[in-house]
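Colleague: I would like to learn how to read a few local features in a model like this one. Please give the general idea each time, then the case at hand.

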Amino acid sequence: MAGGAETKAPSPNVNGKAEILKGNFEPTAIKVEPLTPVVPENGVEKPSEKSRNIVLGRNVHSTCLTITEPEVNDEVTGDKEAQMAGVLARYRKNLMERTKYHLGYPYNLDFDYGALAQLQHFSINNLGDPFIESNYGVHSRQFEVGVLDWFARLWEIEKDEYWGYITNCGTEGNLHGILVGREVFPDGILYASRESHYSVFKAARMYRMECVKVDTLVSGEIDCSDLRPKLLANKDKPAILNVNIGTTVKGAVDDLDVVIQTIEECGFSHDRFYIHCDGALFGLMMPFVKRAPKVSFKKPIGSVSVSGHKFVGCPMPCGVQITRMEHINVLSSNVEYLASRDATIMGSRNGHAPLFLWYTLNRKGYKGFQKDVQKCLRNAHYLKDRLHEAGISAMLNELSSTVVFERPRDEEFVRRWQLACEGNIAHVVVMPNVTIEKLDFFLNELVEKRSTWYQGNVQPPCIAAEIGKANCVCALHK
């Protein structure tokens, strides 16, 4: 405050009235919100409930911050502002606490964008085509195109041969890439491994495409011995393929070269197939991993997408989608209202996201990302080895930082560490912000909890079917 006056911060309402806290108010001192309770199917929580049920067909409002109308004299009393400031302070404290226990989802939380705070006062919207300025002047196209050019160099395509844009998330990149494939081949069949991201199958439903699911190896990689007969059974129709540069659960990387070879051996010429590469997480990691299949437009691929809020570490969901210029004309159309063209999915696009991506790419560069990749892979191997030493079944694919292990029995433990689970397995995605100290903290807690889960005749589950016999250390496979 001007003149050295004491700064007073507001607190939540107490007995219907807002109180003013002392000048040394510290948001981090506010009590953390408890974890949302488990809601079983019948809606009644049982103390012994250990499994979390997903109930479809109704909204479960486990937490809700009600919006209320301000009082008539609120401008004078400031009660409303005080109440809202208290809510936000508690929310900030909750975010800080939950961030400490974040391991299961592929978000890089190691970032500092303080330098960009000055731009948050502007409504930045990159309407329409990134390369054609619209009448709306508050945009960040110059930053967006800079980001796109960076990824074009990474994936080896010339500036005048590609088209792309910054999407709102990785799913939008998949929706766009598959849509381009469908527009190029309207009667094409979509092929995707069973472990592809759910957005791939969402695209098939949205576009009313025939979709063939392909089996996977134990690693999660597409099984080309199953792909081959399915391609041959539909040789009369073009093929649209989704290739995973890192599957959602196991972090498996499909071998792009083997996939292309399989398609060609099945008699599909380059003008009868389209490949979209879903590189949501590992699309930015693979270029810096030795022996990794190279994703490059020098190969007969149609598009590549990557998420910006994952390995890059953007604080809001976003992504990058790159395709060949020759394909985009089937989607692009003039929009007089914008004085531009548009071939995007959403139209209005977050103009702040390009700023964050541009800022990080400039600060880190190729060498910075290479350092981050090496750290992630090293720490992932550390976690896998420690799990095995503790007698816990675990798997780590060679090109991955996703460590798969037996699903914890306690749902509270799963939610505390925000683990992603599927069937009998869970995983930890080791990102640049995940340190050895954090992994040790997690491991020590897991081992301690596990000693209470498995006593007497209760044995850890066998997950050989999910991760292979060599990685399973159950009683049968020790």
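Colleague: Is Arg208 buried or exposed?

Modeller: Buried means under 20% relative accessible area, exposed over 50%, and partly exposed in between, with a 1.4 Å probe and protein chains only. Arg208 has 73% relative accessibility, so it counts as exposed. This is a predicted model, in which local features need pLDDT of at least 70 and side-chain atom pairs count only at pLDDT 80 or more, while totals for chains, interfaces and linings use all residues. Residues are numbered from 1 along each chain as its sequence is written, and side-chain values use heavy atoms, with hydrogens and water left out.

Colleague: Where is Arg208 placed, and what is its phi?

Modeller: Most residues other than glycine have a negative phi. Arg208 is not a glycine, yet its phi is positive, about 55 degrees. Arg208 lies in the loop between helix 5 (198-206) and strand 5 (211-214). Helices (H or I, at least four residues) and strands (E, at least two) are DSSP runs, numbered from the N terminus. Arg291 also has a positive phi, about 70 degrees, without being a glycine. Arg291 is in the loop between strand 7 (273-278) and strand 8 (303-307), and it is exposed, with a relative accessible area of 68%.

Colleague: How should I read a pair of packed helices, and at what angle do helix 6 and helix 7 cross?

Modeller: Two packed helices are described by the angle between their axes and the distance between the axes. Axes are lines fitted to C-alpha atoms, for helices over the stretch in contact, and angles run from 0 to 180 degrees between N-to-C directions. The axes of helix 6 (residues 224-232) and helix 7 (residues 256-265) cross at roughly 30 degrees and come within 10 Å. These two helices are therefore roughly parallel to each other; angles under 35 degrees count as roughly parallel, over 145 as roughly antiparallel, 65 to 115 as roughly perpendicular and the rest as oblique.

Colleague: Which residues of helix 6 and helix 7 meet?

Modeller: Contact means heavy atoms within 4.5 Å. From helix 6, Cys224, Leu227, Arg228 and Leu231 meet Val258, Val259, Thr262, Ile263 and Glu265 of helix 7. The residues of this contact divide into six nonpolar, one polar and two charged. Ala, Val, Leu, Ile, Met, Phe, Trp, Tyr, Cys and Pro count as nonpolar, Asp, Glu, Lys and Arg as charged, and the others, Gly among them, as polar.

Colleague: What about helix 9 and helix 11: how do their axes lie?

Modeller: The axes of helix 9 (residues 353-389) and helix 11 (residues 436-453) come within 11 Å, crossing at roughly 20 degrees. Helix 9 and helix 11 are therefore roughly parallel to each other. Residues of helix 9, including Tyr382 and Leu383, meet residues of helix 11, Phe442 and Leu443 among them. That contact has eight nonpolar, two polar and two charged residues.

Colleague: How many disulfides are there?

Modeller: A disulfide is a pair of cysteine sulfur atoms within 2.5 Å. A search of the whole structure finds zero. Cys224 is in no disulfide, and the nearest cysteine sulfur, that of Cys266, is 9.3 Å away. Cys224 counts as buried, at 15% relative accessibility, whereas Cys64 is exposed, with a relative accessible area of 55%.

Colleague: What does Cys474 touch?

Modeller: Not counting residues up to four places away in sequence, Cys474 touches Ser393, Pro460, Pro461 and Cys462. Cys474 is buried, with a relative accessible area of 5%, and is found in the segment after helix 12 (464-467).
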